[in-house]
Amino acid sequence: SNAPVNVTVTGAAGQIGYALLFRIASGQLLGADTPVKLRLLEIPQGVKAAEGTAMELDDCAFPLLQGIDIFDDPNKAFEGANVGLLVGARPRGPGMERGDLLEANGGIFKPQGEAINAGAADDIRILAVGNPANTNALIAQNHAPDVPAERFTAMTRLDHNRALTQLAKKLNVSINDIKKLTIWGNHSATQYPDIFNAEVGGKNAAQAVNDQTWLEDDFIPTVAKRGAAIIEARGASSAASAANAAIDHVYDWVNGTPEGDWTSAAIPSDGSYGVPEGLISSFPAVSKNGKWEIVQGLEIGEFSRGRIDASVKELSEERDTVRKLGLVK
Ligand code: NAD
Ligand code: LMR
């Protein structure tokens, strides 16, 4: 039988954690043949609630779950970790500016990066979910110089999945008919969901839609502001759908993306498509042999160019802010 994979989940007692842990333990993160050991990280005030969740995980008697350990010290939580899901983050409080939020998150993602550098397994894969996800991933990466930079990623799969459903509804087709959709840039309201290279039933999606007004006034803002719409409707930010996207991201990273399609993932830029090298920006991405690759050679029209540049500019500004705070090089 396979050796167990150590999965570290931060913010384990939060609402995404509650939606995520049971799916990991049931085998959906890595596959039905892979046993898992969970390593849960919380702040001291969150430990008791994490213990409660661990009791419920025990009570599921998941055949693949080989252990649960709970920590309030990142150095212990990341010891031997093969996968790290960085979910816990500092939410934006009243009157907090973006810079304040980035500074507060520096206090979380810097020590976690150091802990990953010190103790994680050689094959460690990191997905930052906690917001601002792209820049939090960048902070952690900067404090893990011994880990290959490409192992630090951030989640835009939720945006990708949101875009799939909006486009499928517009065209009255199944999700399964849509391929090659892309989310570019930041996991924020500036993100750009791109249908110009997407296909629907083998035909170009933008041509099938043939409605620039819908694209600009409906589709793009609906996808980009969906997080806020969920908060408005639920009184809490997306949780089960965010957990689902984290599962999708890691499953594809480990097991590969399907032939003839791609997905969206925020991964370190190699300079492709004019995105400054090193920024952790969302791209069209395939996973092969356990590695993300940016899909090359796509045509980027003038409209798309402007939208991509705007989101990448925001990412550059976030990087400048955390540089000034001494959190990244
Ligand atoms: P939550 O407030 O319910 O839970 C967060 C948990 O993290 C809390 O239990 C808290 O105690 C814990 N935590 C805080 N600091 C920690 C630290 N230093 N180490 C370990 N744990 C720590 O929040 P949630 O709804 O689960 O959301 C978590 C994050 O995910 C938020 O930042 C949210 O904005 C983000 N999010 C991202 C996406 C995305 O698509 N990228 C989607 C939804 C939510
Ligand atoms: C989401 O996309 O649902 C979240 O990032 C929203 C948020 O601000 O937590």
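Which pocket is the space taken by ligand 2? In this predicted model, the space taken by ligand 2 is the largest pocket, and the space taken by ligand 1 is the largest pocket as well. A pocket here is found on a 1 Å grid over the protein atoms alone, as an open set of points with protein on both sides within 12 Å along at least five of seven lines; a molecule sits in a pocket if more than half of its atoms lie within 2 Å of its grid points.

Residues are numbered from 1 along each chain as its sequence is written, while chains are lettered from A and ligands numbered from 1 in the order in which they are written. Local features need pLDDT of at least 70, side-chain atom pairs count only at pLDDT 80 or more, and totals for chains, interfaces and linings use all residues, with side-chain values using heavy atoms and leaving out hydrogens and water.

N131, R162, H187, G227, I231, S237 and S238 are the residues around ligand 2, where a residue counts as near if one of its heavy atoms lies within 4 Å. By class, this shell holds one nonpolar, five polar and one charged residues; Ala, Val, Leu, Ile, Met, Phe, Trp, Tyr, Cys and Pro count as nonpolar, Asp, Glu, Lys and Arg as charged, and the others, Gly among them, as polar.

Ligand 1 has 22 residues around it, of which Q15, I16, E42, V129 and N131 come nearest. The shell around ligand 1 comprises 11 nonpolar, 10 polar and one charged residues. Helices α1 (15-25) and α4 (98-119) each give at least two residues to this shell; helices are DSSP runs (H or I, at least four residues) numbered from the N terminus. Domain 1 (5-154) and domain 2 (157-317) each provide at least three residues, the bounds coming from an automatic or database domain assignment.

Backbone and side-chain atoms both take part in polar contacts with ligand 1: a polar backbone atom of G11 is 3.2 Å from a nitrogen atom of the ligand, a backbone N or O atom of I16 lies 2.9 Å from an oxygen atom, and a side-chain N or O atom of E42 is 2.6 Å from an oxygen atom. Of the 870 Å² of accessible area that ligand 1 has on its own, the protein covers 81%.

Key: A polar contact is a pair of N or O atoms within 3.5 Å; within protein, one must be able to donate a hydrogen and the other to accept it, and residues adjacent in sequence count only if both atoms are side-chain atoms. Accessible areas come from the Shrake-Rupley method with a 1.4 Å probe; for residues, only the protein chains shown count as cover. On a 1 Å grid over the protein atoms alone, a cavity is a set of points where a 1.4 Å probe fits but cannot get out, and a pocket is an open set with protein on both sides within 12 Å along at least five of seven lines; lining residues have an atom within 4 Å of a point.
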